[in-house]
Amino acid sequence: GGSKWNEALGLFNEMKEKGDSPDADVFNALISTIGNAKGGTEWVRTLFLFGEMKGRRIDPDRKTFTALISAMMRAEGGSEWKTALQVFEEMKEKGVRPDTV
């Protein structure tokens, strides 16, 4: 069997091929799922999805930023804290309040 994130990405691509427009909830779920990939191996993919989300003019929300930062903290080979900090700065610029941890 394949990984959950790979299955989710396949469904996402099918959805787009059928002409359906993913919304923030779809992007959030996908970013969260991919960010939880075993060993943090797919953290870069979450950034590509974030870029696609913004390219579609879908406003990221607290769930989006939390999932992204979480993916950066679980990145393969140690945390991508500099990237996480950049994401956090963008969150503040957009006026999104962070979750308390």
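The side chains of Glu52 and Lys16 come together in a salt bridge, with 2.9 Å from N to O; a salt bridge here is a side-chain nitrogen of Lys or Arg within 4 Å of a carboxyl oxygen of Asp or Glu. This pair ties together distant parts of the chain, since Glu52 sits in helix 3 and Lys16 in helix 1, 36 residues apart. Helices are DSSP runs (H or I, at least four residues), numbered from the N terminus. The model is a predicted one, in which local features need pLDDT of at least 70 and side-chain atom pairs count only at pLDDT 80 or more, while totals for chains, interfaces and linings use all residues. Residues are numbered from 1 along each chain as its sequence is written, and side-chain values use heavy atoms, with hydrogens and water left out.

Glu52 has another partner too: its side chain meets that of Arg56 in a salt bridge of 3.2 Å, N to O. How open to the surface are they? Relative accessible area gives the scale: buried means under 20%, exposed over 50%, and partly exposed in between (1.4 Å probe, protein chains only). Glu52 counts as partly exposed because its relative accessibility is 23%. Lys16 is partly exposed as well, at 25%, and so is Arg56, at 35%.

The structure holds five salt bridges, and another of them joins Glu90 to Lys54, the closest N and O atoms being 2.9 Å apart. This one also links distant parts of the chain: Glu90 belongs to helix 5 and Lys54 to helix 3, 36 residues apart. Glu90 counts as buried because its relative accessibility is 19%, whereas Lys54, at 34%, is partly exposed. As a general point, side chains of opposite charge can pair when their charged atoms come close.

On to the helices themselves. Helix 1 covers residues 4-17, and its 14 residues should span 20 Å at 1.5 Å a residue; its end C-alpha atoms are 20 Å apart, so the two agree. (The expected span is 1.5 Å times one less than the number of residues.) Which residues of helix 1 are buried? They are Trp5, Leu9 and Phe12. These cover an arc of only 60° around the axis, so they sit on the same side of helix 1; the arc is that of the directions from the helix axis to the C-beta atoms. The face turned away from that buried side carries the exposed residues Lys4, Leu11 and Glu17. The buried residues of helix 1 pack against helix 2 (24-35) and helix 3 (43-55), where contact means heavy atoms within 4.5 Å.

Helix 3 has 13 residues and reaches 19 Å from its first C-alpha to its last, close to the expected 18 Å. Its buried residues are Trp43, Thr46, Leu49, Phe50 and Met53. Seen down the axis, they fall within an arc of 105°, so they line one face of helix 3. On the face turned away from the buried side are the exposed residues Phe48 and Gly55. The packing partners of the buried residues of helix 3 are helix 1, helix 2, helix 4 (62-73) and helix 5. From helix 4, Thr64 touches Phe50 and Met53, among others, and Thr64 counts as buried because its relative accessibility is 0%.

In helix 5, Thr83, Ala84, Val87, Glu90 and Met91 are buried. Their arc around the axis is only 120°, which puts them on the same side of helix 5. What covers them includes helix 3 and helix 4, while the face turned away carries the exposed residues Trp81, Lys82, Gln86 and Glu93.

Some loop residues deserve a look as well. Arg57 lies in the loop between helix 3 and helix 4, and its phi is near 60°, a positive value in a residue other than glycine. In general, most residues other than glycine have a negative phi. Arg57 counts as exposed because its relative accessibility is 78%. Glu42, in the loop between helix 2 and helix 3, is buried because its relative accessibility is 15%. Beyond residues up to four places away in sequence, Glu42 touches Trp5, Ile34 and Ala37.

Technical notes: Helix = DSSP H or I, 4+ residues; strand = E, 2+ residues; numbered from the N terminus. Expected span 1.5 Å × (residues − 1).
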